[in-house]
Amino acid sequence: MQTPIYLDYAATTPTDPRVVEKMVECLRLDGNWGNPASRSHVFGWRAEEAIEEARRNVADLIAADPREIVWTSGATESDNLAIKGVAHFYQRKGKHIITSKIEHKAVLDTCRQLEREGFEVTYLTPNAHGEITPAAVAEAMRDDTILVSLMHANNEIGVVTDLAAIGAMTREKGVLFHVDAAQTAGKIEIDVNAMNIDLLSISGHKLYGPKGIGVLYVRRKPRVRIEAQMHGGGHERGMRSGTLATHQIVGLGEAARIAKEEMALDQAHSAALRQRLLDAVSDIEEIHVNGDSPKHLPGLLNVSFNYVEGESLIMSLKDLALSSGSACTSASLEPSYVLRALGLSDELAHSSLRMSVGRFSTEEEIDFAAQQIHTAVEKLRELSPLWDMYKDGIDLSTIQWSAH
Amino acid sequence: MAYSEKVLDHYENPRNVGKLDDKSNDVGTGMVGAPACGDVMRLQIQVNGDGIIEDAKFKTYGCGSAIASSSLLTEWVKGKTLDEAAAIKNTEIAEELALPPVKIHCSVLAEDAIKAAVADIKTKRGQEGA
Ligand SMILES: Cc1ncc(COP(=O)(O)O)c(C=O)c1O
């Protein structure tokens, strides 16, 4: 076992060696390095063939048609293209968009920008389990709503949204439905038709593919129109210009193929390790699972250890690579907006750890991690005046703190 | 984030962790910060009849820099008079620990903590200038 142990699969996944092999074929001098847009020679034709195979593999993963797949630079670009693209194209129909408070910044900041341009955005609050319910979406719908944009699973707490129920509703009302599936594509089943999804964002580097590549699925029937953000050579049917990055695309295609083929295995593996980790730390006093919905990503666990601060916890866990919702680990000094939106107290938000496992995680790593967490929490509680007070039976909410 | 050697040293081996009897007339307690802000420091000093700090203890909930700032402070105040201790500046702590700009507030909190502890014992002993 090698340290540090990687427990941050939700941030990015290692590239599967099978993917790397395929990618390298597109970079070598004797490989497939042509410009897929070159129509006049075999270098171009071969590259285009590889791109189209990748397109089929990605389409298969989400039960789409290959002609509905648009290559982008990642989920951030896909989110921007979907939301701004729809807003700008359909603005004469209406200027109201529905999203949630726990979306990724790629969605939230895009919506903020549209607000500056005169659009109106409703930000739904999740319930205490971290779920955005179909009922909440229904309640926010207006006559001038043109788009609902929600994530399939949240990147901090892993709670999964009931897309099918929401999609049925948006389709009935003639409202477009965009889904940020960066955390779920290749991890849990997605069927864009069964779920009535109109646009869907995928990121290569969250499903064992390379960074810098993503996909926007754009429905053909009934046809969804978007205004392009990137103008140029008219690639991707005019929706996203720019020479296609063959090696990146082939990498994502192979990652999608493997993910579809091995989904059941991957799911069982991640779910078993997550449970093993939870079982091994759940005897720690005052532990809280954040986003305790039964519908969650197989490999993600977010917990708070009360009376211990997240950044110092991470400092103690230097053999583990994981992330925290603590203010101190962000540039803003604000604790995680996702945890706050769940109604978590600032204290618990400051004390949170996000651990995510995946394809290459092992039982040995989980056991080691659990033991390190035990030691660290114990050490920091020994140092914590809040733990002292808790143990003395003092209710911390009755104390007048000197805010600073 | 990269931590300085000194922060790491105090974090790995915090000095003077513990609790003194805050009811005692020889003990001054300063508790500053707030759980909601992510840091709370409790600094306690034991003061003899000549007004010299003989012992100091701390417990801190917060990031590594906050823990290091309070640990360092307990070392510094021992042997000092109350007025000398209350004159310690956050900039001295920040400099000694090489704190980056985003962590300066940890040293400010430590300065607040010693000032609060000194004020507490002065109040207990009925002295002016608390
Ligand atoms: C839910 C979600 N959306 C969007 C992104 C951005 O993806 P990318 O890094 O491909 O731009 C991420 C990953 O950081 C994510 O977790």
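Lys and Arg are counted here as positive and Asp and Glu as negative, while His and the chain ends are not counted; the place of a charge is taken as NZ of Lys, CZ of Arg, CG of Asp or CD of Glu. On this basis chain B carries 15 positive and 20 negative side chains, and the centres of the two sets lie 4 Å apart. In chain A there are 41 positive and 56 negative side chains, with 9 Å between the centres of the two sets.

The model is predicted, with local features requiring pLDDT of at least 70 and side-chain atom pairs counted only at pLDDT 80 or more, whereas totals for chains, interfaces and linings use all residues. Residues are numbered from 1 along each chain as its sequence is written, chains are lettered from A and ligands numbered from 1 in the order in which they are written, and side-chain values use heavy atoms, with hydrogens and water left out.

Chain A contains 13 helices and 13 strands (DSSP runs numbered from the N terminus, with helices being H or I of at least four residues and strands E of at least two). Its radius of gyration is 22 Å, close to the 22 Å that the globule rule gives for 404 residues, so chain A is as compact as a globular protein of that length; the radius is taken over C-alpha atoms, and the rule is 2.2 Å times the number of residues to the power 0.38. The C-alpha trace of chain A spans about 80 × 55 × 35 Å along its principal axes. Of the 404 residues, 58% count as buried, where buried means under 20% relative accessible area, exposed over 50%, and partly exposed in between (1.4 Å probe, protein chains only). The accessible surface of chain A comes to about 16600 Å², and 51% of this belongs to carbon and sulfur atoms; accessible areas come from the Shrake-Rupley method with a 1.4 Å probe, and for residues only the protein chains shown count as cover. Among contacts in chain A with a separation of 6 or more, 73% are accounted for by residues 24 or more positions apart, a contact being heavy atoms within 4.5 Å.

Chain B has five helices and three strands, which follow the order α-β-β-β-α-α-α-α from the N terminus on. A compact globule of 130 residues would have a radius of gyration near 14 Å, and the 14 Å of chain B agrees with this. The C-alpha trace of chain B spans about 45 × 30 × 25 Å along its principal axes. For contacts in chain B with a separation of 6 or more, residues 24 or more positions apart account for 60%.

The interior was examined next. A nonpolar core is a set of buried Ala, Val, Leu, Ile, Met, Phe, Trp, Tyr and Cys residues joined through side-chain atoms within 4.5 Å. The largest such core has 60 residues, and those with the most contacts inside it are Phe305(A), Leu313(A), Leu320(A), Ile373(A), Ile45(B) and Val77(B). Apart from it lies another core, of 56 residues, including Ala64(A), Ile166(A), Ile249(A) and Ala259(A). Beyond its neighbours within four places in sequence, Leu320(A) is in contact with residues including Pro4(A), Ile5(A), Phe368(A) and Ile373(A). Pro4(A) itself lies in the segment before strand 1 (5-6) of chain A and is joined to Thr3(A) by a cis peptide bond with omega of about -5 degrees.

A further cis peptide bond runs from Lys221(A) to Pro222(A), with omega near -10 degrees; Pro222(A) is placed in the loop between strand 8 (214-218) and helix 7 (246-261) of chain A. Positive phi values in residues other than glycine were also found. Phi is near 60 degrees at Ala63(A), a residue of the loop between helix 2 (42-61) and strand 2 (69-72) of chain A that is partly exposed, with a relative accessible area of 32%. At Ala98(B), phi is about 50 degrees, and this residue belongs to the loop between helix 4 (90-97) and helix 5 (104-124) of chain B.

Two helical residues complete the description. Ser65(B), in helix 2 (residues 64-77) of chain B, is buried, with a relative accessible area of 1%. Leaving aside neighbours within four places in sequence, Ser65(B) is in contact with Tyr3(B), Val7(B), Leu99(B), Lys103(B) and Cys106(B). Asp109(A), in helix 4 (residues 105-116) of chain A, is partly exposed, with a relative accessible area of 46%.
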